[in-house]
Every structure is written in C-alpha cells, then in structure tokens.
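Hi,

Here is the structure I promised to pass along.

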Amino acid sequence: MEVQGFFTAIIIGLIIGALGRLVVPGKQKISILLTLAIGVVAAILGTLVAALLGVDKTAGIDWIELFIQVAFAAIGVALVAGTYGRRRH
C-alpha cells in the first residue's frame, strides 16, 4: 500500500466507520473515536478483500468495495459495542 493510499484509507475509514455505526440497529455505547478507528480498520480490510476478489479496480465508484468496507465496519461496531455493553454491567 502506497503512502497516498494509506492516507486515503484513513479518510475513507472515518466515513466508513460512521456508515457502519448507522447500519447497526440500536444505540451503541462506544465513543466516536473508537467508531472511527473501527472504520479505518474496516476500510483497509475491505480494500484487501476487494483486491483478493478482484473487484477493487472498476470504472467509476467501487460500489462493491464500499459495500464490503461498510459491512466490515458494521460487524466491527456491533462486536465492540456488544463487548463494551457486557463489560459495563
């Protein structure tokens, strides 16, 4: 991954984290910073999975890659929110 790609992944990851949080039903008791960190990790993982599937280079917007990234973010937010919810009770 190039330096420019890394910074792009961080910026996209911030948006992906917010989208992932919106997709998960209910209220999540995790901080915005943790949500954004999950989004960055989800963006990087989603890009890697899209590359493995061969759908990372398409004409126009990479909708499949974006869907994979948001799915990773939603799963990450749900797992972390579930873990934090159990730990605080």
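One term before anything else: a residue is called buried under 20% relative accessible area, exposed over 50%, and partly exposed in between (1.4 Å probe, protein chains only). Bear in mind that this is a predicted model, so local features need pLDDT of at least 70 and side-chain atom pairs count only at pLDDT 80 or more, while totals for chains, interfaces and linings use all residues. Residues are numbered from 1 along each chain as its sequence is written, and side-chain values use heavy atoms, with hydrogens and water left out.

The overall picture: the chain has three helices and zero strands, running α-α-α from the N terminus. Helices (H or I, at least four residues) and strands (E, at least two) are DSSP runs, numbered from the N terminus. Of the 89 residues, 30% count as buried. The chain exposes about 6,000 Å², with carbon and sulfur atoms supplying 73% of that; areas come from the Shrake-Rupley method with a 1.4 Å probe, and for residues only the protein chains shown count as cover.

Now to helix H2, residues 32-53. Its 22 residues reach 31 Å from first C-alpha to last, close to the expected 32 Å (1.5 Å times one less than the number of residues). Just after H2, Gly54 takes a positive phi of about 80°. Among the buried residues of H2 are Ile38, Ala42, Ala43 and Ala50.

Why does Ala42 count as buried? Because its relative accessibility is 2%. Leaving aside neighbours within four places in sequence, Ala42 is in contact (heavy atoms within 4.5 Å) with Ile16, Gln69, Phe72 and Ala73. Ala42 and Gly17 are 25 residues apart in sequence, yet 7.6 Å apart in space, C-alpha to C-alpha.

On to the interior. A nonpolar core is a set of buried Ala, Val, Leu, Ile, Met, Phe, Trp, Tyr and Cys residues joined through side-chain atoms within 4.5 Å. The largest one has six residues: Val24, Ile30, Ile38, Ala74, Val77 and Ala81. Helix H3 (residues 63-88) gives the largest share of this core, three residues. Apart from that core lies another, of five residues, including Ile16, Ala43, Val70 and Ala73. Back in the six-residue core, Ala81 is in contact with Gln28 and Ile30, again leaving aside neighbours within four places in sequence.

Cheers
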